[in-house]
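Thanks for asking me to look over this model with you. Please keep the sequence and the 3D view open while you read.

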Amino acid sequence: MTVPCNHLDQIQQVTPSAQGCEDCLKTGDRWVHLRLCLICGHVGCCDSSKNKHATKHFHATGHPLIQSFEPGENWLWCYVDQVMLEPAE
């Protein structure tokens with residue numbers, strides 16, 4: 001079986017950096033949905049938000065994996081492999 005993502009070994013136990021988009025909170029801006037970086041805990045806004053802070057965080061740091069930070073959502077996204085994953089229970 002082929003593993004669709006080679007970055008899962010980089011996942012860390014993280015503490016969310018904020019309860020909203022860390023960067024939007026600093027500027028007083030709004031977001032649509034939140035994403036949690038599974039490498040460092042940065043909370044950023046999704047690509048449907050005008051600032052796209054989660055993706056900007058990936059480009060600035062190279063941290064490949066995010067998880068939805070929305071209630072009831074549990075999926076992961078790998079920016080490098082461009083693949084959505086369901087976490088192992």
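This is a predicted model: local features need pLDDT of at least 70, side-chain atom pairs count only at pLDDT 80 or more; totals for chains, interfaces and linings use all residues.

1. Let's start with the strands. Strand β3 covers residues 65-68, and β1 covers residues 34-37. β1 and β3 run antiparallel to each other and pair over three bridges. On its other pairing, β3 meets strand β4 (residues 76-78), again in the antiparallel sense and over three bridges.

2. Which way do the side chains of β3 point? L65 and Q67 point one way, while I66 and S68 point the other way. Are these four residues buried or exposed? All of them are buried.

3. How many disulfides does the structure hold? The count is zero. C37 is in no disulfide, and the nearest cysteine sulfur belongs to C40, 3.8 Å away.

4. As a general rule, nonpolar side chains in soluble globular proteins tend to be buried together. Here the largest nonpolar core has 13 residues, and those with the most contacts inside it are C5, C21, L38, L65, C78, V83 and L85. β1, β2, β4 and β5 (83-85) each supply at least two residues of this core. To explore one of its members, select L38: apart from neighbours within four places in sequence, L38 touches Q10, I11, Q12, V14, L65, I66, Q67 and L76.

5. Where is H42 found? Look in the loop between β1 and β2 (43-45). H42 counts as buried because its relative accessibility is 10%, and the cut-off for buried is under 20%. The side chain of H42 makes a polar contact with the side chain of D23, at 3.0 Å. Setting aside neighbours within four places in sequence, the residues in contact with H42 include S17, R35, C37, H53 and H57.

6. Two of those contacts, H53 and H57, lead us to helix α2, whose buried residues are H53, A54, T55, H57 and F58. What covers them? The cover includes α1 (22-27), β1 and β2. Just after α2, G62 takes a positive phi of about 80°.

7. Finally, look for the one aromatic pair in the structure. The rings of F58 and Y79 have centres 4.6 Å apart and planes at 10°, so this pair is stacked. F58 lies in α2 (residues 53-61) and Y79 in the loop between β4 and β5, so the pair ties together parts that are 21 residues apart in sequence. Both partners are buried: F58 has a relative accessibility of 15%, and Y79 has a relative accessible area of 10%.

Conventions:
Residues are numbered from 1 along each chain as its sequence is written. Side-chain values use heavy atoms; hydrogens and water are left out. Buried means under 20% relative accessible area, exposed over 50%, partly exposed in between (1.4 Å probe, protein chains only). A polar contact is a pair of N or O atoms within 3.5 Å; within protein, one must be able to donate a hydrogen and the other to accept it, and residues adjacent in sequence count only if both atoms are side-chain atoms. Contact means heavy atoms within 4.5 Å. Two strands pair if DSSP finds at least two bridges between them. A disulfide is a pair of cysteine sulfur atoms within 2.5 Å. A nonpolar core is a set of buried Ala, Val, Leu, Ile, Met, Phe, Trp, Tyr and Cys residues joined through side-chain atoms within 4.5 Å. Rings of Phe, Tyr and Trp (its six-membered ring) pair if their centres lie within 6.5 Å; planes under 30 degrees apart count as stacked, over 60 as edge-to-face and the rest as tilted.
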